Amino acid sequence: MPPGDGRAAAARTEAEAVAVQRLLRERLVRDEAGPPADGTGTVAGVDVAYDDERDLVAAAVVVLDAGSLEVVAEATAVGPVPFPYVPGLLAFREVPAVVRALDRLAEPPGLVVCDGYGLAHPRRFGLACHLGVVTGLPTIGVAKSPFTFRHDVPGTARGSSSPLLDGEEEVGRALRTRAEVKPVFVSAGHRVDLDTACAHVMRLTPHYRQPDPIRRADRACRDALSAAAATGARGPA
DNA sequence: GCGACAG
DNA sequence: ATCTTGTCGC
């Protein structure tokens with residue numbers, strides 16, 4: 001499917017969503033290393049906030065220069081909530097608004113960092129994989145909890161990691177981005193391998209546990225949601 | 001069947 | 001995700 005064709009990934013029921021995942025998964029590219037984590041190019045963070053009372057979802061994309069980590073572009077999108085929260089089907093709730101926000105950028109980012117999982121998923125097709133296949137962009141997932149997977153506690157030094165395991169299979173990595181602080185859970189998405197994903201996450205976490213682009217996107221989508229809720233509007237004026 | 005379960 | 005004060009530490 002062509003990049004930006006978000007509607008092709010829509011679903012109304014859980015069974016339909018699972019079927020869509022299985023179809024989209026065939027388009028997942030796993031044999032590319034991904035953009036080098038050497039400070040060149042741009043990296044975007046995406047995140048979404050909800051107001052279920054008002055049936056509003058707000059997505060934000062914040063694009064940073066990969067070297068300086070300064071913001072070079074930003075976009076948001078607001079709309080109705082398209083799908084309930086179902087573990088394993090988060091993408092159907094988040095991806096449509098994120099795709100609309102990405103479409104508003106003048107230039108596509110070199111890498112997209114998602115707040116959630118990629119291959120670390122019951123059907124190996126988490127949010128980051130889904131967004132990557134739908135947009136064609138390289139993606140990785142960075143989650144704050146281990147979901148259903150197990151892992152040994154990594155060393156306490158920044159940069160220590162241990163495999164995130166589904167049985168014997170390494171589906172991601174518990175990566176300590178700050179000494180003495182809970183690790184984050186990194187997994188590959190589309191067109192990026194796990195080692196490269198972890199290297200990017202290290203570069204993107206000079207100060208905090210979570211990658212800078214994610215933190216900025218988190219703030220931006222909350223702001224966009226507040227503005228939309230106050231106005232009663234579903235788009236910028 | 002029951003519980004656990006990214007955001 | 002979201003509801004929410006103070007508190008500890010750099």
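This report walks through the fold of chain A, from its overall build to a few individual residues. The model is a predicted one, so please read every value below as computed from that prediction.

## Overall build

Let's start with the inventory. Chain A holds five helices and nine strands. Read from the N terminus, these elements follow the order α-β-β-β-α-β-α-β-β-β-β-β-α-α.

How does the radius of gyration of chain A fit with a compact globule? For 237 residues, such a globule would come out near 18 Å, and the 17 Å of chain A agrees with that. The C-alpha trace extends over about 50 × 40 × 30 Å along its principal axes.

In chain A, 52% of the 237 residues count as buried. Among contacts with a separation of 6 or more, 64% are between residues 24 or more positions apart. The accessible surface amounts to about 10800 Å², and carbon and sulfur atoms contribute 49% of this area.

## The nine-stranded sheet

The strands form an open sheet with mixed pairing, in the order E3-E2-E1-E4-E5-E9-E8-E7-E6. Its edge strands are E3 and E6 (150-151), each of which pairs on one side only.

| Strand pair | Bridges | Facing residues |
|---|---|---|
| E2 (residues 56-65) and E3 (residues 71-79), antiparallel | Eight | Valine 61 and alanine 75 |
| E7 (residues 161-166) and E8, antiparallel | Six | Leucine 164 and glycine 172 |
| E6 and E7, antiparallel | Two | Arginine 150 and leucine 165 |

Two of the pairs are hairpins. The one made by E2 and E3 has five residues between its strands, and leucine 69 there has a positive phi near 60°. The hairpin of E7 and E8 has two residues between the strands, and in this case glycine 167 takes the positive phi, near 65°.

## An enclosed helix

Is helix H3 (residues 127-135) enclosed or open to the outside? Nine of its nine residues are buried, so H3 is largely enclosed by the rest of the structure. The buried set consists of Leu127, Ala128, Cys129, His130, Leu131, Gly132, Val133, Val134 and Thr135.

What covers these residues? The cover includes two helices, H1 (14-25) and H2 (91-103). It also includes the strands E1 (42-51), E4 (112-114), E5 (139-143) and E9 (184-188). Just past the end of H3 comes glycine 136, with a positive phi of about 85°.

## Residues to look at one by one

Leucine 69 has a relative accessibility of 12%, so it counts as buried, the cut-off being under 20%.

Glutamate 180 also has a positive phi, about 70°, although it is not a glycine. Its place is the loop between strand E8 (169-175) and E9. Is glutamate 180 buried or exposed? Its relative accessibility is 63%, so glutamate 180 counts as exposed, the cut-off being over 50%.

Threonine 13 lies in the segment before H1. With a relative accessible area of 39%, threonine 13 is partly exposed, because this value falls between the 20% and 50% cut-offs. How far apart are threonine 13 and valine 46 in space? Their C-alpha atoms are 25 Å apart, while 33 residues separate them in sequence.

Definitions and conventions. Residues are numbered from 1 along each chain as its sequence is written. Chains are lettered from A and ligands numbered from 1 in the order in which they are written. This is a predicted model: local features need pLDDT of at least 70, side-chain atom pairs count only at pLDDT 80 or more; totals for chains, interfaces and linings use all residues. Side-chain values use heavy atoms; hydrogens and water are left out. Helices (H or I, at least four residues) and strands (E, at least two) are DSSP runs, numbered from the N terminus. The radius of gyration is taken over C-alpha atoms; the globule rule is 2.2 Å times the number of residues to the power 0.38. Buried means under 20% relative accessible area, exposed over 50%, partly exposed in between (1.4 Å probe, protein chains only). Contact means heavy atoms within 4.5 Å. Accessible areas come from the Shrake-Rupley method with a 1.4 Å probe; for residues, only the protein chains shown count as cover. Two strands pair if DSSP finds at least two bridges between them.
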